[in-house]
Amino acid sequence: RKVHFHKDRPLGDMTTINLIHEHVDRFVLAEPLAYEVYRKAGNAACRTDFVRTWIDGRPIGFQLLVEQPNKAFLRHNKVNPDGNLYKCVWFGSGVVGQHEKRTNAHTGHDDLVKLVADLNRLKGDEQWALIKTQFNVEQVINYFAVNMLLSHWDGFFNNYFAYHSPGRRGKWTLYPWDQDKTWGFHDGIQGNGVFYDM
């Protein structure tokens, strides 16, 4: 369940939360622990909590609360919220089809399309120079290092938010999402490959 709060009545400073009934017990701890590792590595990550939930006075059980990455999330993490926030999804076709734009939807995907085209066009030192000017390199390195540490195989082509800060010199950063397939959960992958073969 996605819960939206009135802007003048947020939960703490969160304007949107997700209440998740995890169908596998291990996911209830996997997600909050994963987000904590991202934070320990210096990355912004969703806040989580465990809540007892009722609907219309009827208890529906314990659920995992996960903060929604949005402008309020960016503000909480001291990031200028006026840039372009994209959610990467596994379905869809091409760069635009696989990135749902969550802010400034009316401006299109031009910045993302140009970034990917430039990365594909350049090689070697030129590509590395582009990466250093376009990305917050330390943040992105930490993000991918934690992905490897958590063996989050579901987070390289899916389940992350990409954010482009506003302005001519605005940089790209990445934020984790949907961390249930972490801590060695293999989802059908044979052997121990999930721990090292991403």
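Is Y143 buried or exposed? In this predicted model, Y143 has a relative accessibility of 0% and therefore counts as buried. The ring of Y143 also has a partner: Y38 and Y143 form a stacked aromatic pair, with 5.8 Å from centre to centre and 25° between the planes. Y38 belongs to helix α1 (residues 25–40) and Y143 to helix α6 (residues 137–149), so their pairing ties together parts that lie 105 residues apart in sequence. Y38 counts as buried too, because its relative accessibility is 0%. Ring pairs extend this arrangement to F144, linking Y38, Y143 and F144 into a cluster.

A search of the whole structure finds six aromatic pairs. Among them is the pair of W90 and F91, whose ring centres are 5.6 Å apart and whose planes stand at 90°, so this pair is edge-to-face. As for solvent, W90 is exposed, with a relative accessible area of 56%, while F91, at 43% relative accessibility, counts as partly exposed.

Helix packing is worth a look as well. The axes of helix α4 (residues 110–121) and helix α5 (residues 124–134) come within 9 Å and cross at roughly 155°. Angles over 145° count as roughly antiparallel, and α4 and α5 are therefore roughly antiparallel to each other. The crossing in which α4 passes α5 is left-handed. On the α4 side, the contact is made by L115, D118 and L119, and on the α5 side by Q127, L130, I131 and Q134.

Conventions
Residues are numbered from 1 along each chain as its sequence is written. This is a predicted model: local features need pLDDT of at least 70, side-chain atom pairs count only at pLDDT 80 or more; totals for chains, interfaces and linings use all residues. Side-chain values use heavy atoms; hydrogens and water are left out. Axes are lines fitted to C-alpha atoms, for helices over the stretch in contact, and angles run from 0 to 180 degrees between N-to-C directions. Helices (H or I, at least four residues) and strands (E, at least two) are DSSP runs, numbered from the N terminus. Angles under 35 degrees count as roughly parallel, over 145 as roughly antiparallel, 65 to 115 as roughly perpendicular and the rest as oblique. A crossing is left-handed if the near helix is turned anticlockwise from the far one by less than a right angle, and right-handed if clockwise. Contact means heavy atoms within 4.5 Å. Rings of Phe, Tyr and Trp (its six-membered ring) pair if their centres lie within 6.5 Å; planes under 30 degrees apart count as stacked, over 60 as edge-to-face and the rest as tilted. Buried means under 20% relative accessible area, exposed over 50%, partly exposed in between (1.4 Å probe, protein chains only).
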